[in-house]
Amino acid sequence: MSVPDKDWNDWHWQLKNRLISLEQIEQRLFLIPDERRGLMFAAKEKLAFSLTPYFFNLIDPFNPDCPLRRQVIPRAEELVSMPYEMMDPCGEDKDMVAPGLVHRYPDRVLFLVTDRCATYCRYCTRSRIVSGVGSQKLEIDDKLTFDYLKKHTEIRDVLISGGDPLLLSDGRLEKILRQLREIDHIEIIRIGTRVPIFLPQRITESLCKVLKAYHPLWINIHSNHPKELTLEAKTALEKLADTGIPLGNQSVLLKGINDDPQTMLELVNKLVRCRVRPYYLYQCDLIQGTHHFRVPIRRGLEIMQKLRGFTTGFAVPQYVVDGPGGGGKIPLNPDYVMGYYEDKVLLRNYEGKIYSYPMDQQAKGEENEDRQSEAGMGKYK
Ligand SMILES: *Cc1c(COP(=O)(O)O)cnc(C)c1O
């Protein structure tokens with residue numbers, strides 16, 4: 001099939017021509033039986049299948065284990081759930097204060113503005129409400145949401161997510177941003193989007209013009225593998241960066257996709273070349289039917305150790321697990337402290353060499369005094 005550039009580069013064309021059925025994809029690549037079953041069942045009852053022509057072209061048609069292919073083409077494994085897997089692994093429903101508005105942390109909220117994405121990630125943490133085929137429907141109610149935001153003056157940070165907020169029209173997005181900016185206590189706005197990876201054509205001049213009017217605005221993208229950072233994606237990211245938007249990336253640690261240090265190092269180095277700072281590396285949420293993607297935390301920590309010290313400090317993301325059931329993000333860190341002693345702390349560097357940081361008696365005494373005053377006990381002399 002030959003597509004004129006004008007169409008290919010038009011995000012509406014990309015959306016209109018998404019591959020959404022078993023038949024459409026089967027005409028273009030040879031599926032393995034597990035993929036056929038995934039498309040027949042999981043895509044019907046769990047999370048819809050949808051793939052932009054742009055992203056389809058990045059997939060290796062001859063390799064079912066292609067790291068991009070595994071993220072977006074359903075598999076029969078999705079139909080199997082472990083006893084500890086959940087519909088709502090991050091416990092968002094219990095913190096929902098208005099339809100689509102999750103208020104968990106003291107000063108910031110998660111605002112879900114749509115249930116649609118350009119392409120669906122098979123490990124989606126919100127598959128219960130995203131894509132329209134799951135068990136729940138995402139309700140959206142602007143009035144209830146903005147009333148809550150106006151009333152709660154402690155909210156200084158609004159994270160717009162979904163679904164993918166950049167699938168909304170420029171007009172709808174502008175309206176949301178404008179209404180948020182009318183609220184004085186909201187200091188920063190953030191958008192979470194995978195559009196630069198699945199549909200880079202969406203990053204148009206007119207979109208950038210809309211976004212530019214609502215600074216301070218931050219964007220976090222979602223990239224898991226260096227192959228996703230094509231010239232098109234890089235160009236889209238540069239446009240956003242040139243609009244003055246600080247860019248971060250959130251990855252999910254996925255088995256057979258990015259669970260080795262070399263791939264992760266390549267990913268973070270490529271991200272910073274695209275002017276994106278790695279922000280979080282997520283332990284895969286305990287969403288139903290994602291067992292085949294899960295990597296042990298111990299392995300995740302090994303990968304983190306092979307990043308720290310081996311690349312630019314700010315290219316190293318924070319590894320986190322979203323506390324199952326609604327604990328929020330919990331940082332996971334390799335331990336570099338080998339032991340605390342009377343007179344020293346023993347430390348290990350990135351190469352595994354041991355260093356001693358001395359603490360003399362006087363310093364220890366001052367430290368104790370500091371602790372006492374911090375605890376509100378005051379000093380006594
Ligand atoms: C992740 C998340 C946030 C934002 O967390 P940060 O650590 O500030 O990036 C806010 N609310 C909810 C419910 C979240 O899951």
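**View 1. Serine 131 in its loop.** In this predicted model, serine 131 sits in the loop between strand E3 and helix H7 (142–151). Its phi is near 85°, a positive value in a residue other than glycine. That is worth a second look, because most residues other than glycine have a negative phi. Is serine 131 buried or exposed? With a relative accessible area of 7%, serine 131 is buried, because buried means under 20%.

**View 2. Threonine 114 and a contact to the backbone.** Stay in the loop between E3 and H7, and you will also find threonine 114. Follow the side chain of threonine 114: it reaches the backbone nitrogen of arginine 116 at 3.0 Å. Threonine 114 has a relative accessible area of 9%, so this residue counts as buried.

View 3. Arginine 275 is not a glycine, yet its phi is positive, at about 70°. How does arginine 275 count in terms of accessibility? The relative accessibility of arginine 275 is 41%, so the residue counts as partly exposed, a class that lies between under 20% and over 50%.

View 4. Now look at the ligand: the space it takes is the largest pocket. Which residues are around the ligand? They are Val102, Tyr105, Arg108, Leu110, Leu159, Arg190, Tyr279, Tyr280 and Lys329. Sorted by class, this shell has six nonpolar and three charged residues, and no polar ones.

View 5. For arginine 108, the distance is 2.7 Å. For arginine 190, an oxygen atom of the ligand is 2.9 Å from an N or O atom of the side chain. For tyrosine 279, the corresponding distance is 2.6 Å. How much of the ligand does the protein bury? Taken alone, the ligand exposes 390 Å², and the protein buries 90% of that.

View 6. Valine 102 is among the residues around the ligand and lies in strand E2 (residues 101–102). Its relative accessible area is 4%, so valine 102 is buried. Tyrosine 280 is also one of the residues around the ligand. How far apart are valine 102 and tyrosine 280? In sequence they are 178 residues apart, and in space their C-alpha atoms are 19 Å apart.

**View 7. A cis bond between two glycines.** Glycine 162 and glycine 163 are joined by a cis peptide bond, with omega of about 20°. Where does glycine 163 lie? Look in the loop between strand E4 (157–161) and helix H8 (170–181). This bond deserves a close-up because most peptide bonds are trans.

View 8. To find proline 216, look in the loop between helix H10 (205–212) and strand E6 (217–221).

Definitions and conventions:
Residues numbered from 1 in each chain as written. Predicted model: local features only at pLDDT ≥ 70, side-chain atom pairs only at ≥ 80, totals over all residues. Heavy atoms only, no water. Near = heavy atom within 4 Å. Polar contact = N/O pair within 3.5 Å; in protein donor to acceptor, adjacent residues only side chain to side chain. Areas by Shrake-Rupley, 256 points an atom, 1.4 Å probe, with all protein chains shown as cover. 1 Å grid on protein atoms, 1.4 Å probe; cavity = no way out; pocket = protein on both sides within 12 Å on 5 of 7 lines; lining within 4 Å. Sits in = over half its atoms within 2 Å of the grid points. Nonpolar A, V, L, I, M, F, W, Y, C, P; charged D, E, K, R; others polar. Helix = DSSP H or I, 4+ residues; strand = E, 2+ residues; numbered from the N terminus. Buried < 20%, exposed > 50% of the residue type's maximum accessible area, 1.4 Å probe, protein only.
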